[in-house]
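Open your viewer and get ready to click along. We will go from stop to stop, selecting a few residues each time.

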Amino acid sequence: MLNVCSLVCRKRRVKCDETRPRCKNCTRVERECEYPQKPVTPQRPRALSTRTFDKAPSIANNTNLSEFEVVSLRIPTPSGGLSASGQDTAQSWIPFNIDPQQVAGTVLPDDSFFLDDSLFSFGDTLTPSFGPTEWYDLLAQDAIDTMQDRNPNNHWNFDYSSLSRRQSPRQSAAPDVGPGEGDGPTTTTQDLPSEPWNADSRIELKGNELVFFEHYINIVAPILDLFDPLNHFASMVPHLALRNVGLLKSILAVGARHLTLGQATKPIKAMLHIPPGTPASVHSLSPNAAKFAEQYYFETLQYLSQNLLYQTYTGSREILVTAIMISTYEMFGTAENPDHSAWDRHLRGAFWIQRNSNTSGESNDSLRRAVWFSWLRQDIWAAFRTGRPALTIHQPTKAMSDLATEELTTRIIYITAKCVQFAATPKEQNITEYIEAGATLMRMLDAWKRRLPQSFEPIRIAGSFSTPQSDSDATMLAPIWIYPPAHAAAIQMYHFSRIVMVLNQPSTGGLNVYQTRFKMLRESTTMICGIAAAPQSQNLPSAFVGFQAVYAAALCADSQDKQVEILEVLDKLLHISKFPSRSILDDLVKVWSGGS
């Protein structure tokens with residue numbers, strides 16, 4: 001006999017203790033155990049597990065999921081054309097797998113819906129050697145290209161060489177790296193401070209800087225903090241920035257860039273929702289906000305060029321937050337230019353910055369967790385709009401039954417990312433595996449919903465909300481109030497995910513199947529639009545999530561009346577959020593009309 005795992009364990013991709021004549025896995029479930037009699041050539045893992053279920057749940061009258069056909073979710077691309085999810089073959093799909101604890105003929109418990117890291121593959125989507133320095137080179141090149149396009153004669157006399165990576169002038173010794181790791185000479189670093197890339201004392205803000213700093217805290221940070229009960233981006237990040245020039249400049253760039261949104265069509269005061277106490281100077285600075293934003297952005301890059309040589313900086317909290325600020329800066333840029341390419345590249349860069357420091361949704365440091373979820377929220381929308389897979393390869397280790405309420409609120413962000421990955425899966429091959437992955441994700445969504453406490457339930461308002469009992473009950477605009485706002489947004493993301501899954505579930509058709517599918521779509525559309533229409537959702541943080549969810553619901557609107565209703569909701573949300581570009585509404589109308 002060969003010293004290899006049993007055939008059953010290999011097929012199920014579970015670890016085998018190689019006990020003979022029967023391994024522990026097979027002994028536990030009283031299953032026959034076989035071992036190979038001759039060497040088996042190792043094979044590349046398949047995109048998805050090939051296991052089938054005897055009792056897999058169905059979304060239609062207990063019909064087996066193999067009876068579903070492939071239905072592509074058509075998503076308007078930023079250029080105005082249409083891209084069918086799963087047809088973007090240039091991007092590698094990130095596959096799924098079922099928890100290895102499952103035994104044949106049983107349904108996984110609610111706590112065991114985890115995905116197999118060994119099956120994840122990005123292909124050419126992410127470069128294995130991509131690190132902080134490569135990320136910076138990408139940022140610098142994009143910045144130079146943008147500046148040259150807008151200012152071909154360099155009237156600003158900007159020194160492009162200042163963006164090249166170099167040793168900081170204020171360094172008295174090389175950064176703390178080993179031989180061959182840095183660009184400068186190798187010297188002892190024992191006398192250097194542990195964080196030489198931070199200021200020795202708190203930075204003093206100037207008049208103009210204070211305006212953009214306050215705008216970030218009052219207006220932008222709540223968007224990033226919607227799912228974070230500790231409000232890291234409003235409470236902790238500003239204090240970190242007052243000791244780190246690069247982070248401070250990135251915050252000022254984001255604040256200034258957000259001020260540019262919607263200036264051409266709306267009064268500045270109405271556009272900004274300026275809170276009481278905001279300095280009057282914001283009005284005079286706003287017309288020049290774009291120029292200030294670019295200036296602060298380039299100063300951020302200059303800081304990075306001087307400090308990336310510090311190994312401690314490349315894994316610090318400051319660079320993590322700076323990376324998410326840079327992607328947020330590019331995100332706001334898509335409101336003026338619907339081209340997602342720069343934002344997409346910088347989201348990938350932020351992914352590698354996080355990988356470099358092992359940052360994930362389960363990091364011990366609460367700020368790192370907040371950064372990761374904020375990044376993932378951005379990546380979900382960018383991936384959904386362009387038809388590519390979401391970038392995360394994180395796999396939670398904590399079971400749903402062990403999650404606190406705030407952790408349940410963020411777990412749906414992770415599940416949504418996996419659903420967007422599923423929508424971008426090539427569907428020409430591996431249908432069996434694709435069906436299995438879809439069934440797993442639907443069970444994950446159901447298990448998440450069942451775990452929710454009462455704070456996720458609607459607050460009933462006499463005369464304005466009733467639970468729909470039939471297809472015709474309640475209009476989509478009947479307000480649905482869920483409090484707190486993070487829980488309302490989580491419910492919207494749940495229904496966003498369900499819409500994506502239903503539109504991409506394999507099926508062979510059948511009247512009962514389609515009736516059930518359309519019923520699910522109507523239910524999710526009603527909840528999404530009802531939450532978005534509630535007065536309590538008419539705020540900037542909620543509008544960011546609400547617009548994305550309503551947009552997904554709009555893709556399955558099956559009548560002109562519903563399309564008109566949804567378009568009205570989207571227009572109101574866009575008026576509040578100023579993101580994304582208004583051209584997205586034109587794209588949506590093209591989808592409804594069958595145009596391309």
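Select Phe 292 to begin: does Phe 292 count as buried or exposed? Phe 292 has 16% relative accessibility, so Phe 292 counts as buried (buried means under 20% relative accessible area, exposed over 50%, partly exposed in between, with a 1.4 Å probe and protein chains only).

A quick note on what you see: this is a predicted model, where local features need pLDDT of at least 70 and side-chain atom pairs count only at pLDDT 80 or more, while totals for chains, interfaces and linings use all residues. Residues are numbered from 1 along each chain as its sequence is written, and side-chain values use heavy atoms, leaving out hydrogens and water.

Rings of Phe, Tyr and Trp (its six-membered ring) pair if their centres lie within 6.5 Å; planes under 30 degrees apart are stacked, over 60 edge-to-face and the rest tilted. The centres of Phe 212 and Phe 292 are 5.3 Å apart with planes at 50°, so this pair is tilted.

Now select Phe 332 and Phe 544, an edge-to-face pair with 6.4 Å between centres and 75° between planes. Phe 332 is buried at 1% relative accessible area, and Phe 544 is buried at 5%.

For the last stop, pick Asn 244, buried at 0% relative accessibility. Its side chain makes a polar contact with the side chain of Asn 198 at 2.9 Å (N or O atoms within 3.5 Å; within protein, one must be able to donate a hydrogen and the other to accept it, and residues adjacent in sequence count only if both atoms are side-chain atoms).
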